[in-house]
Amino acid sequence: MPDRICALEIWVELLNGDVKKLTRAMATEINDVLRKTEGWKQPRSPMRIKRYGLQKGFKRINKIVNII
């Protein structure tokens with residue numbers, strides 16, 4: 001499970017959107033949902049997201065621990 005995520009990644013990977021067709025309004029809507037999602041925090045500065053480069057994104061603030 002990733003510890004970093006961005007609106008572009010959600011648009012492409014989950015919503016099957018085209019990278020070139022992500023609008024500012026849709027990115028804002030995705031980011032608003034992420035802001036309200038427990039366990040994720042938006043850092044002030046952009047970060048590198050695998051496959052998507054430097055993006056404004058979110059970092060996981062709590063990790064799930066598997067207990068065997």
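Residues are numbered from 1 along each chain as its sequence is written, and side-chain values use heavy atoms, with hydrogens and water left out. Because the model is predicted, local features need pLDDT of at least 70 and side-chain atom pairs count only at pLDDT 80 or more, whereas totals for chains, interfaces and linings use all residues.

Side chains of opposite charge can pair when their charged atoms come close. With a salt bridge taken as a side-chain nitrogen of Lys or Arg within 4 Å of a carboxyl oxygen of Asp or Glu, the count comes to two. In one of them Arg51 pairs with Glu13, the closest N and O atoms being 3.2 Å apart; this pair links distant parts of the chain, 38 residues apart, with Arg51 in the loop between strand 3 (47–49) and strand 4 (53–55) and Glu13 in helix 1 (residues 7–14). Helices (H or I, at least four residues) and strands (E, at least two) are DSSP runs, numbered from the N terminus. Asp32 and Arg35 form a salt bridge at 2.7 Å, N to O, and both lie in helix 2 (residues 24–36), three residues apart, about one turn of the helix.

Relative accessible area was computed with a 1.4 Å probe on protein chains only, buried meaning under 20%, exposed over 50% and partly exposed in between. Arg51 is exposed at 67%, while Glu13 is partly exposed at 37%; Asp32, at 35%, is partly exposed, and Arg35, at 46%, is likewise partly exposed.
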